[in-house]
Amino acid sequence: MATLSPTGRAALDDYIKATLKAKTLPGFILGVSNVDDEIYFEGGGPNTINDSGSEKINPDGIFWICSQTKMIAAVAALKLVEKGAISLDTPVGRYIPEFRNPIIVDKTSTQNTTFRPAKTVMTVKHLLNFSSGLFYPVVRDDLTGLTEGYFSKEMHASSDARSHFFSILIGKLPALPLKFEPGTDFVYGWSSDVLGFLVEEVSGQTLEQFCKEHIFGPLGMETSFYLTPELRKRMVNLTFREQDGSLSPWREQVNIIEQDPAKVRLHLGGVGMYSSMRDYLKLLRHLMQINANRSVKNPILKQETVHQMFIPALTDKGSKSLSDLVMAPGLQWGTTMAIATKDWPQRRRAGSVFWGGWAGTLYFIDPTSGIAVVFGIQIAPTGDVQAMKVWSELEALIYAALIPETAKPSL
């Protein structure tokens with residue numbers, strides 16, 4: 001199996017120590033696994049920035065994983081496909097009425113737009129590969145926080161939280177807005193949240209219950225939509241990057257999701273989960289093992305289903321839209337994650353699948369190199385330049401340290 005050289009491991013250790021000492025970032029965690037087991041897991045730093053009495057981040061610290069929830073919601077939907085409860089071609093409107101007569105809007109930055117009826121029936125596969133047309137709107141002056149469909153506290157307090165969610169999306173328009181005809185392009189948006197609602201409708205369980213039964217339970221994960229008192233004790237606090245570049249403790253500088261477990265009434269499959277990086281790495285390793293045709297205990301999906309995660313499913317137009325979003329060439333999307341169709345110099349190989357979360361968490365699986373990697377940090381606003389720079393350096397150091405199985409000397 002792939003391993004890290006002693007000198008490469010030392011280089012990673014030194015870089016992490018130097019980065020934490022420089023205090024240009026809050027604390028963070030880096031984890032690497034080969035197909036069999038964890039081979040590197042280090043990090044640290046204070047749990048609360050600028051607090052000399054703060055406890056240090058530990059390997060089992062809990063992170064709000066934000067959009068890393070999306071992959072889990074997709075896995076849940078694929079489980080229902082395997083069970084025969086739905087298919088990739090199942091119309092979403094069969095279970096969720098708001099999708100029976102959606103409209104295509106000509107502008108996504110305002111509700112004062114012209115529109116027309118959608119001609120294409122939206123299906124499960126459109127939700128899985130983000131070709132549904134469901135988009136995150138940009139209608140506020142403050143672009144640093146989450147959109148209202150995520151941060152609304154009134155939504156959770158309403159008698160019908162899901163209907164309130166869709167009322168936010170529809171607003172003053174006569175029906176649910178889409179950016180384009182389903183299947184024709186890619187846009188980042190509400191697809192994973194709708195997948196979660198679909199799982200609930202079809203299974204008769206909450207998304208939390210379904211994931212615990214079919215994903216978290218079999219893998220021994222503590223991941224949850226509820227930030228329980230037990231998880232809260234291990235929570236890694238958010239840090240805020242001020243406009244002058246300094247770091248400040250979290251004081252709700254921007255709107256985020258409802259985090260009081262007693263108030264959460266809607267499970268948001270696009271943003272709502274909490275997990276340790278060690279547990280998330282466990283899930284990535286499990287998928288990597290299934291993909292590699294390893295014999296695994298309690299497989300959560302069939303091999304053919306996992307294989308589909310690595311197969312491009314977007315049109316050329318959709319691929320360009322995704323590449324423009326991530327600012328990396330030649331990207332695709334399968335059923336759960338983005339796919340790199342080209343080698344990234346000194347980093348992940350072609351065929352790797354990846355994504356990340358709003359608060360800075362990142363991950364990928366590289367089946368060619370036989371590794372999975374997680375990076376855990378909690379920093380806002382999203383897209384922190386310094387965090388992305390450190391992530392890039394760490395990834396390059398991992399690959400510089402990597403000893404593939406074929407390169408290991410025989411004994």
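Me: Which residue in strand 16 is the bridge partner of Thr239?

Reply: Bear in mind that this is a predicted model; in it, Thr239 has Ile379 of strand 16 as its bridge partner. The pairing belongs to strand 8, residues 239-241, which is joined to strand 16 by two bridges, with the two strands running parallel.

Me: In what order do the strands of that open sheet stand?

Reply: The open sheet is formed by three strands in the order 9-8-16, and its pairing is mixed. Strand 9 (247-249) and strand 16 (379-380) are at the edges with a single partner strand each, so one side of each has no neighbour in the sheet.

Me: How should I read a helix, and which residues of helix 12 are buried?

Reply: The general idea is that an α-helix has 3.6 residues a turn, so residues three or four places apart point the same way. In helix 12, which covers residues 316-326, the buried residues are Gly318, Ser319, Leu322 and Ser323. Looking down the axis of helix 12, you find these buried residues within an arc of 135 degrees, so they line one face of the helix. The face turned away from that buried side carries Lys317 and Lys320, which are exposed.

Me: Which strands do the buried residues of helix 12 pack against, and what follows the helix?

Reply: They pack against strand 11 (331-333), strand 12 (338-340) and strand 13 (353-356). After helix 12 comes Met327, which has a positive phi, near 60 degrees.

Me: How is strand 13 paired with strand 12 and with strand 14?

Reply: Take the two pairings in turn. Strand 12 pairs with strand 13 in the antiparallel sense over two bridges, and Ala338 stands opposite Phe354 there. Strand 13 and strand 14 also run antiparallel, joined by four bridges, and Val353 has Ile365 of strand 14 as its bridge partner. Strands 13 and 14 form a hairpin with five residues between them, and in the turn Gly360 has a positive phi of about 110 degrees.

Me: Where does Thr361 lie, and what does its side chain contact?

Reply: Thr361 lies in the loop between strand 13 and strand 14 (362-366). Buried means under 20% relative accessible area, and Thr361 is buried because its value is 0%. The side chain of Thr361 makes a polar contact with the side chain of Gln68, at 3.0 Å. Among the residues that Thr361 touches, leaving aside those up to four places away in sequence, are Phe63, Trp64, Met277 and Phe375.

Me: What can be said of Phe28 in strand 2?

Reply: Phe28 is found in strand 2, residues 28-34, and it is buried, with a relative accessible area of 0%. Although Phe28 and Glu42 are 14 residues apart along the chain, their C-alpha atoms are separated by 8.6 Å. Phe28 touches Glu42, and its other contacts include Ile16, Leu20, Ile57 and Val390.

Me: At roughly what angle do the axes of helix 2 and helix 8 cross?

Reply: The axes of helix 2 (residues 69-82) and helix 8 (residues 207-219) come within 10 Å and cross at roughly 75 degrees. Angles of 65 to 115 degrees count as roughly perpendicular, and helix 2 and helix 8 are therefore described as roughly perpendicular to each other. Residues making the contact include Ile72, Val75 and Leu80 of helix 2, together with Leu207, Phe210 and His214 of helix 8.

Key:
Residues are numbered from 1 along each chain as its sequence is written. This is a predicted model: local features need pLDDT of at least 70, side-chain atom pairs count only at pLDDT 80 or more; totals for chains, interfaces and linings use all residues. Side-chain values use heavy atoms; hydrogens and water are left out. Buried means under 20% relative accessible area, exposed over 50%, partly exposed in between (1.4 Å probe, protein chains only). The arc is that of the directions from the helix axis to the C-beta atoms. Contact means heavy atoms within 4.5 Å. A polar contact is a pair of N or O atoms within 3.5 Å; within protein, one must be able to donate a hydrogen and the other to accept it, and residues adjacent in sequence count only if both atoms are side-chain atoms. Two strands pair if DSSP finds at least two bridges between them. Axes are lines fitted to C-alpha atoms, for helices over the stretch in contact, and angles run from 0 to 180 degrees between N-to-C directions. Angles under 35 degrees count as roughly parallel, over 145 as roughly antiparallel, 65 to 115 as roughly perpendicular and the rest as oblique.
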